[in-house]
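User: Please take me through this model in questions and answers, giving the criteria behind each term as it comes up.

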Number of protein chains: 2
Amino acid sequence: MARWEPNAAGRLREAALELFEERGFEQTTVAEIAARAGLTERTFFRHFADKREVLFRGSEELVDTLVTGVDRAPAEATALEAVTAALEAAGAAFAPEFARRRRAVILATPELQERELMKLTSLTDALAGALRRRGVGESVARLAGETGIAVFRITFDRWVTDPAQRPWTEHLHGALAELDELVLGAPQRAG
Amino acid sequence: MARWEPNAAGRLREAALELFEERGFEQTTVAEIAARAGLTERTFFRHFADKREVLFRGSEELVDTLVTGVDRAPAEATALEAVTAALEAAGAAFAPEFARRRRAVILATPELQERELMKLTSLTDALAGALRRRGVGESVARLAGETGIAVFRITFDRWVTDPAQRPWTEHLHGALAELDELVLGAPQRAG
DNA sequence: GAGAGTGATGTCAGTTGCTGTCATCAACCC
DNA sequence: GGGTTGATGACAGCAACTGACATCACTCTC
């Protein structure tokens, strides 16, 4: 038998999410989270740098997914096509039920929104960096990064709140079509 | 003689900025800031909701300036023209020396970057809201808000770091011209 | 002009986020 | 079987932040 119950970080994350849902982020202490997970406060801070971070574990993997998606796009692909490929790959990174609960808590908590904005900025920077590495100019890379994350946010929100639970790629291409409309004045995306 | 030295909030802000420059945000305690301003820690928290906020007082006024700028734009103006008018008005809101020092501290401190992203988001939302109120559609208003703040950030950074100290409007129109290039493929802005 | 506010400040005690340090002890290695 | 490792617990301590109450120059009112 193992000395400790497995998956301490996962238990802490689930305990935190439950408590945040029940009584709110600020009204929950780290000691309470740890107790529900069968651990101590000190151990919580060994797994997560701070109280907010418990809801953001995994964002580094998302960065990797997006960068890999851009890197794997064919050399002839435009910046936006490479970003689109990356965003398609990103859809597989989320467990829908967890994502939905987590999103509700973040929307209710300014402190968590701050952290989320920071993570999204790192996604933007990572996308722009990957594009620059494949030869895209600085300004276009930055703009494409910002646009890509804007599309990502729209896609994520719709996917998470869709009562029909349509797949990620469907929402993604819907958002991209709207981007085309905005830029070109009419729907033109084929597929 | 007045019972207290005047401008407590201003003294706290200057003391905080000095200490953040000297030894960094995290290495500075609120008690130290208050002491340098001739006040107590408790009084600091009466003037500022938290330690970060001491560098962000005034952002509500910037929101007002931008919204007023959009509201005052002629009814025929496009969304982008209204945003441009608002951004021109925003230039007068900054004292360059303070802005430069503040920016350096924020760039060195992730905690402060989080707060800054939050403030920029509220600027984006305010711009988009003002545009919607003058009849601009939801999606265009949001995109114009995001674009406007992106241009604002570029303008602000260049203005603050410009060794030649050229005026705000000059940097603003430079950034807008680049936006045109990106969107239209060639410089086309006249004035 | 005396008494009753008013408002910015001080004082103090308390909670909570977060950190450093040392101890523990099953599992693993040689 | 003894040493090492690695996740955890225990405990002390700092700093951010809050609530409650006291202070006292100024101001308003009659």
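Predicted model: local features only at pLDDT ≥ 70, side-chain atom pairs only at ≥ 80, totals over all residues.

Analyst: Residues are numbered from 1 along each chain as its sequence is written, and chains are lettered from A and ligands numbered from 1 in the order in which they are written.

User: What pattern does chain A follow along the sequence?

Analyst: Helices (H or I, at least four residues) and strands (E, at least two) are taken as DSSP runs, numbered from the N terminus. On that basis chain A has nine helices and zero strands, and its C-alpha atoms fill a box of roughly 55 × 35 × 35 Å along the principal axes. Read along the sequence, the pattern is α-α-α-α-α-α-α-α-α.

User: Which helix gives the most to the side of chain A that touches chain B?

Analyst: With contact defined as C-beta atoms, placed from the backbone, lying within 7 Å, 13 residues of chain A are in contact with 13 residues of chain B. Helix 7 (110–133), helix 8 (138–161) and helix 9 (168–184) of chain A each supply at least two residues of that side. The greatest contribution, six residues, is from helix 7 of chain A.

User: How do the residues around DNA strand C divide by class?

Analyst: A residue is near a strand if its C-beta atom, placed from the backbone, lies within 6 Å of it, and of the 17 residues around DNA strand C the nearest are A:Asp50, A:Lys51, B:Ala8, B:Arg42 and B:Thr43. For the classes, Ala, Val, Leu, Ile, Met, Phe, Trp, Tyr, Cys and Pro count as nonpolar, Asp, Glu, Lys and Arg as charged, and the others, Gly among them, as polar. The surface near DNA strand C then divides into eight nonpolar, three polar and six charged residues.

User: Which helix supplies the largest share of the surface near DNA strand D?

Analyst: Of the 17 residues around DNA strand D, those that come nearest are A:Ala8, A:Thr40, A:Thr43, B:Asp50 and B:Lys51. At least two residues each are supplied by helix 3 of chain A and by helix 2 (30–36) and helix 3 of chain B. The largest share, three residues, comes from helix 3 of chain A.

User: Are helix 8 and helix 9 of chain B parallel or oblique to each other?

Analyst: Their axes, lines fitted to C-alpha atoms over the stretch in contact, with angles running from 0 to 180 degrees between N-to-C directions, come within 9 Å and cross at roughly 135°. Angles under 35 degrees count as roughly parallel, over 145 as roughly antiparallel, 65 to 115 as roughly perpendicular and the rest as oblique. Helix 8 and helix 9 of chain B are therefore oblique.

Note on methods
Contact = placed C-beta atoms within 7 Å.
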